Amino acid sequence: PEIEKQIRERDGKEEQDRIAWENRTPNEKMANAVLLGDSRAEGFAEYGILDQSRVLAQIGISLGETEPYVEKAVGLNPEKIFLSYGLNDLGATGGNAEKFHEEYRKVIETIKAALPESGIYVTTILPVQQSALERDPILRHIEEFNQAIRELCTEEQVTCIEIGDLVSEELYEADGEHFCMEFYPLWFERMAEIAEL
């Protein structure tokens, strides 16, 4: 009976540990990770899903302006780096997916050179609503740019995280481009699942 009791206690402790592990907060899961991106990524910090120190994002940023953020990420020496760019690059490249592909390649290669042991995860560009497309026709190139991301991830042997399927109409802000708070836990869970955070 003493051995049985010890086994039960051990099993109970393992189960408690497992539950505690699964119930870690997003910040705990991101302890050795960092997210770089644009205004959509900034929402993680804005809505308090992630601590500002884990989110190196700037409203309106395109890939050509990422250097200070990449340097800061390298300084943090994370195990995993998430990249979420592209919406502003549609305008910055004039809708040129090849140019976007090359700009993104430079960013990924800079990170790889500085942090060869870190995992790199690139999220696809989230879709926009019809109202945003009508306001800004350049946004019609999102799928083309996502194709460029998929090809680049294959070439560079980094992980592509598809997130477009998580979106539904009621999760958009009024501008049809950004997302309300309810969207972010879904996005985070997808990243956590794929990257095994």
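Here are some friendly notes on the structure above, point by point.

1. **What kind of model this is.** This is a predicted model, in which local features need pLDDT of at least 70, side-chain atom pairs count only at pLDDT 80 or more, and totals for chains, interfaces and linings use all residues. Residues are numbered from 1 along each chain as its sequence is written, and side-chain values use heavy atoms, with hydrogens and water left out.

2. **Overall build.** You will find 9 helices and 5 strands in the chain, where helices (H or I, at least four residues) and strands (E, at least two) are DSSP runs numbered from the N terminus. Their order from the N terminus is α-α-β-α-β-α-β-α-α-β-α-α-β-α. The C-alpha trace spans about 75 × 40 × 30 Å along its principal axes.

3. The chain has 197 residues, and 47% of them count as buried; buried means under 20% relative accessible area, exposed over 50%, and partly exposed in between, with a 1.4 Å probe and protein chains only. Of the contacts (heavy atoms within 4.5 Å) between residues at least 6 apart in sequence, 71% join residues at least 24 apart.

4. **A glutamate to look at.** Helix 4 (residues 67–76) holds glutamate 71, which counts as exposed because its relative accessibility is 52%. Between glutamate 71 and alanine 114 there are 9.1 Å in space, C-alpha to C-alpha, and 43 residues in sequence.

5. **A tilted tyrosine pair.** The whole structure contains 12 aromatic pairs. Rings of Phe, Tyr and Trp (its six-membered ring) pair if their centres lie within 6.5 Å; planes under 30 degrees apart count as stacked, over 60 as edge-to-face and the rest as tilted. Tyrosine 47 and tyrosine 184 are a tilted pair, because their ring centres lie 5.4 Å apart with the planes at 50°. Tyrosine 47 sits in the loop between helix 3 (39–46) and strand 2 (55–57) and tyrosine 184 in helix 9 (residues 183–195), so this pair ties together parts 137 residues apart in sequence. Tyrosine 47 is partly exposed at 27%, whereas tyrosine 184 is buried at 2%.

6. **An edge-to-face pair.** Tyrosine 85 and tyrosine 104 pair edge-to-face, 6.2 Å centre to centre with 70° between the planes. Tyrosine 85 belongs to the loop between strand 3 (80–84) and helix 5 (87–92) and tyrosine 104 to helix 6 (residues 97–114), so the pair ties together parts 19 residues apart in sequence. Tyrosine 85 is buried at 2% relative accessible area, and tyrosine 104 is buried at 1%.

7. **An aromatic cluster.** Phe44, Tyr47, Tyr172, Phe179, Phe183, Tyr184 and Trp187 make up one aromatic cluster.
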